[in-house]
Amino acid sequence: MGNYHLSGGIFRLAFLEGHFPFFPWLSFFLAGILSGRWLQSGQKKHILVFGCISLCVGTCLALFNLAGFDFAVSGPLLRACKIIPRFYPALSPITLLLVGLVLVTVFAVTFIEARWKVDPNHPIVCLGRTSLTFLFVHVVVFREISRYFHFWRKFSITETLLITFIMLILFGISAAMW
């Protein structure tokens, strides 16, 4: 994934296969633009349809690979069908599944919001406003500082979930107070 000596060199990494390559992650940006326009024009069902299509296509691609179809397990279409349980590299199935999940969630939240008004100072709303803060804390505190103090990947899944929920609660309280 980080070998720029392969064909395509640094451009292959920047656009397709690096940690945050341009094209796979561009899909989230474009899905957000479409969702925003559909929300503004009152076409919320388009978000649900697009999300369901993304989920179906991502699932089908992964199933082709899991079923062992030749085109999906070897050759040039391998990257289009291979499912891996992580974000890196962002292959087609995981990207489509994540985009679909986000879009269906956006539809569900707007559906709920239309029926039950949520106070602008509700902790969940405040958490949404602090998402870039979460990113900063995640990268700097939990990744970089934990490596320095040798805590990186030392916690069990249960401990990690507990830390995550405690941090969400603390962020929710501090975001509401902010």
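## Contacts along the sequence and overall form

Among the contacts in the protein chain with a separation of 6 or more, 48% are accounted for by residues 24 or more positions apart, where contact means heavy atoms within 4.5 Å. The model is a predicted one, in which local features need pLDDT of at least 70 and side-chain atom pairs count only at pLDDT 80 or more, while totals for chains, interfaces and linings use all residues. Residues are numbered from 1 along each chain as its sequence is written, and side-chain values use heavy atoms, with hydrogens and water left out.

The protein chain holds nine helices and zero strands, these being DSSP runs numbered from the N terminus (helices are H or I with at least four residues, strands E with at least two). The C-alpha trace spans about 55 × 50 × 30 Å along its principal axes.

## Surface and burial

Ser146, which lies in helix H8 (residues 131-148), counts as buried because its relative accessibility is 10%. Leaving aside residues up to four places away in sequence, Ser146 touches Val141, Phe151 and Trp152.

## Helix H2 against H3

The axes of helix H2 (residues 22-40) and helix H3 (residues 44-67) come within 7 Å and cross at roughly 150°, axes being lines fitted to C-alpha atoms over the stretch in contact, with angles from 0 to 180 degrees between N-to-C directions. That makes H2 roughly antiparallel to H3, since angles over 145 degrees count as such, and those under 35 as roughly parallel.

On the H2 side the contact is made by Ala31, Leu34, Ser35, Trp38 and Leu39, and on the H3 side by Lys44, His46, Ile47 and Phe50. By class, these residues divide into six nonpolar, two polar and one charged, where Ala, Val, Leu, Ile, Met, Phe, Trp, Tyr, Cys and Pro count as nonpolar, Asp, Glu, Lys and Arg as charged, and the others, Gly among them, as polar.

## Helix H2 against H6

The axes of H2 and helix H6 (residues 92-115) come within 10 Å and cross at roughly 20°, which makes H2 roughly parallel to H6. Pro24, Ser27, Phe28, Ala31, Ser35 and Leu39 in H2 meet Thr95, Leu98, Val99, Leu103, Val106 and Thr110 in H6; this contact has eight nonpolar, four polar and no charged residues.

Terms used:
Angles under 35 degrees count as roughly parallel, over 145 as roughly antiparallel, 65 to 115 as roughly perpendicular and the rest as oblique. Buried means under 20% relative accessible area, exposed over 50%, partly exposed in between (1.4 Å probe, protein chains only).
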